[in-house]
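Work through the exercises below with the sequence and the 3D structure in view. Try each task before reading its solution.

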Amino acid sequence: MFELVFLGTSASAPSIRRGLPATMVLHKEYRFLVDCGEGTQRQLLQSGLGFRRLDKILLTHGHLDHILGLGGLASTFARWEMIPRMDIYGGRWALRRVQALMAVVFGPGDPPLHIEYVELEPGIVFEDETFRLVAFPVTHRGPDCLGYTFEEKPRRPFLVEEAERLGVPAGPERRRLVEGEPVTLADGRTVYPEQVLGPPVPGARLVYVGDAGRTDDL
């Protein structure tokens with residue numbers, strides 16, 4: 001499953017109770033910060049999430065209310081030497097604006113922490129064996145605006161009753177079947193994954209959209 005923490009939900013200006021756009025998406029060992037408006041680092045501390053493992057930042061677009069917090073966040077990381085690198089993902093226009101911001105924050109030369117700018121096109125951004133992150137286009141003011149789909153890959157449930165009927169003992173044999181490998185039982189019979197795995201079950205899916213000028217083409 002996914003955990004969603006709203007750090008800022010205001011529009012282009014903060015209010016007394018709402019910060020500028022920023023959201024944390026947590027899944028297994030992954031932490032993704034989506035957008036980083038002003039004051040995001042204070043919201044991270046106030047929420048209890050802190051800065052640990054915060055090295056993947058996704059930008060929906062390059063408007064200032066979605067990126068200005070990156071300057072302060074990067075400066076804090078560099079000063080405390082708590083995170084050696086930041087990977088910032090976004091469209092070309094958004095990344096160019098962030099690079100200009102970092103030049104102001106750190107001045108000429110290389111910044112004291114490694115910042116990787118990953119230019120995105122619609123499609124798969126990241127995936128592992130069980131999880132996939134996909135970027136898709138969003139219509140808004142300015143170019144290269146993106147939304148993000150976080151999704152668990154489909155899985156085939158293990159049919160315990162069927163495994164017991166076939167005589168598959170509990171333990172490593174069942175784990176190998178779940179991983180897609182056939183097993184040979186003590187009596188010489190071979191059991192194949194298709195015999196003990198059910199049909200694919202879709203995983204959880206979270207779709208995140210930042211600002212959008214249109215919704216009919218999402």
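**Exercise 1: a residue in a strand**

V183 sits in strand β10, which covers residues 183–184. The model is a predicted one, where local features need pLDDT of at least 70, side-chain atom pairs count only at pLDDT 80 or more, and totals for chains, interfaces and linings use all residues. Residues are numbered from 1 along each chain as its sequence is written, and side-chain values use heavy atoms, with hydrogens and water left out.

Task: Is V183 buried or exposed? Which residues does V183 touch, not counting those up to four places away in sequence?

Solution.
- Step 1. Recall the classes: buried means under 20% relative accessible area, exposed over 50%, and partly exposed in between (1.4 Å probe, protein chains only).
- Step 2. The relative accessible area of V183 is 1%, so V183 is buried.
- Step 3. A contact means heavy atoms within 4.5 Å. Leaving out residues up to four places away in sequence, V183 touches E173, R176, L177, R189, T190 and V191.
- Step 4. Compare sequence with space: V183 and I124 are 59 residues apart in sequence, and their C-alpha atoms are 34 Å apart.

**Exercise 2: the chain as a whole**

Task: How many helices and strands does the chain have, and what is its radius of gyration?

Solution.
- Step 1. Count the elements: the chain has seven helices and 12 strands. Helices (H or I, at least four residues) and strands (E, at least two) are DSSP runs, numbered from the N terminus.
- Step 2. The radius of gyration of the chain is 22 Å, whereas a compact globule of 218 residues would have one near 17 Å. This radius is taken over C-alpha atoms, and the globule rule is 2.2 Å times the number of residues to the power 0.38.
- Step 3. Along the principal axes, the C-alpha atoms fill a box of roughly 70 × 45 × 35 Å.
- Step 4. Of the 218 residues, 43% are buried.
- Step 5. Among contacts with a separation of 6 or more, 56% join residues 24 or more positions apart.

**Exercise 3: nonpolar cores**

Task: Which residues have the most contacts inside the largest nonpolar core?

Solution.
- Step 1. A nonpolar core is a set of buried Ala, Val, Leu, Ile, Met, Phe, Trp, Tyr and Cys residues joined through side-chain atoms within 4.5 Å.
- Step 2. The largest core has 29 residues, and L59, L70, L73 and I88 have the most contacts inside it.
- Step 3. Two or more residues of this core come from each of β1 (3–8), β2 (22–27), α3 (69–80), β5 (85–90) and α4 (92–106).
- Step 4. Beyond its neighbours within four places in sequence, I88 has contacts that include I57, L59, L70, L95 and V98.
- Step 5. A second, separate core has 18 residues, among them F32, F131, L146 and Y208.

**Exercise 4: positive phi and a helix residue**

Task: Where are K28 and R53, and how accessible is Q46?

Solution.
- Step 1. Most residues other than glycine have a negative phi.
- Step 2. K28, not a glycine, has a positive phi of about 50°. K28 is in the loop between β2 and β3 (30–34), and its 49% relative accessibility makes it partly exposed.
- Step 3. R53, not a glycine, has a positive phi of about 55°. R53 is in the loop between α1 (40–47) and β4 (56–58), and at 37% relative accessibility it is partly exposed.
- Step 4. Q46 belongs to helix α1. Its relative accessibility is 57%, so Q46 counts as exposed.
- Step 5. Q46 and L7 are 39 residues apart along the chain, with 9.2 Å between their C-alpha atoms.
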